[in-house]
Amino acid sequence: MTTGEFINIYPTELKFPFELRKQSACSMQLSNKTDQYIAFKVKTTNPKKYCVRPNAGVVLPGSSCNVTVTMQAQKEAPPDMQCKDKFLIQSAIAPTGTTNKDVTTEIFNREDGKVIDEFKLRVVYVPANPPSPVPEGSEEGGSPRTSLTEDDSKSTSLPEAVSRSLEESKAKSSPSEAWSLISRLTDEKASALQQNQKLRQELELVRKEINKSNAGGVSMFVVLIGLIGLLVGYLINKT
């Protein structure tokens, strides 16, 4: 804030968001710190580039006035985004009852020891769209995601792997993605359990078939031995 004999001015510099081929605006506040009518006038070193509303007026005792400064669209950016434009705000005591229409250049003439306060404000360009900071946990800065190695996959059963993936997904996914992934992994887990059960049932059937085959082989062997024995006994009796 800039403090003078009659008014306070805020801010101390005019900051314009700069973007090529687009207008930009900023404002300043003039506050009357006296119990008198204070007239003001705003001047600039580049009047064709800026539009000031109001560029002159009266601030009533103890009140404030907002001034809007609009910069016309620029076709090119200045070197190093540095601007040499400046604004001058003049203020002086005005007769009681003075209105904005009554403010003329004569009020700011330095005659008969009249006090004229003057403030200079510089122009600063700021980026219209500053880059957003990199969020924590991004690909570059975040910790690497834990995954199952080939040896782990050999020693870990499918249901356990699915359960581990499910827990990781709950912790690292967004709510909507997490619910979708949880549903899919739950289905995969149920399918894996069914396949595991089916394989066990088929294995049991194979074992039973093998046992039957072994038992049948022994019976046929016994029958064959018996037939051979009968044949040998018949031949012996015949001789």
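1. A residue counts as buried when its relative accessible area is under 20%. Keep that cut-off in mind for N32: its relative accessibility is 5%, so N32 counts as buried. One caveat before going on: this is a predicted model.

2. Stepping back to the whole protein chain, you'll find three helices and ten strands. Going along the sequence, they come in the pattern β-β-β-β-β-β-β-β-β-β-α-α-α. Of its 239 residues, 27% count as buried. The accessible surface is about 17200 Å², with 54% of that belonging to carbon and sulfur atoms.

3. Take the contacts between residues at least 6 apart in sequence: 69% of these join residues at least 24 apart.

4. Now the sheet to look for. Five strands form an open sheet in the order β1-β2-β4-β8-β6, and the pairing is antiparallel. At its edges sit β1 (2-3) and β6 (50-53), each pairing on one side only. In general, strands of a sheet pair through backbone hydrogen bonds.

5. Strand β4 runs antiparallel to β8 (residues 64-71), and eight bridges join the two. For a landmark on that pairing, find S27, which stands opposite T68 in β8.

6. What surrounds N32? Setting aside neighbours within four places in sequence, N32 is in contact with F6, I7, I38, V59, L60, P61, G62 and S63.

Definitions and conventions. Residues are numbered from 1 along each chain as its sequence is written. This is a predicted model: local features need pLDDT of at least 70, side-chain atom pairs count only at pLDDT 80 or more; totals for chains, interfaces and linings use all residues. Side-chain values use heavy atoms; hydrogens and water are left out. Buried means under 20% relative accessible area, exposed over 50%, partly exposed in between (1.4 Å probe, protein chains only). Contact means heavy atoms within 4.5 Å. Helices (H or I, at least four residues) and strands (E, at least two) are DSSP runs, numbered from the N terminus. Accessible areas come from the Shrake-Rupley method with a 1.4 Å probe; for residues, only the protein chains shown count as cover. Two strands pair if DSSP finds at least two bridges between them.
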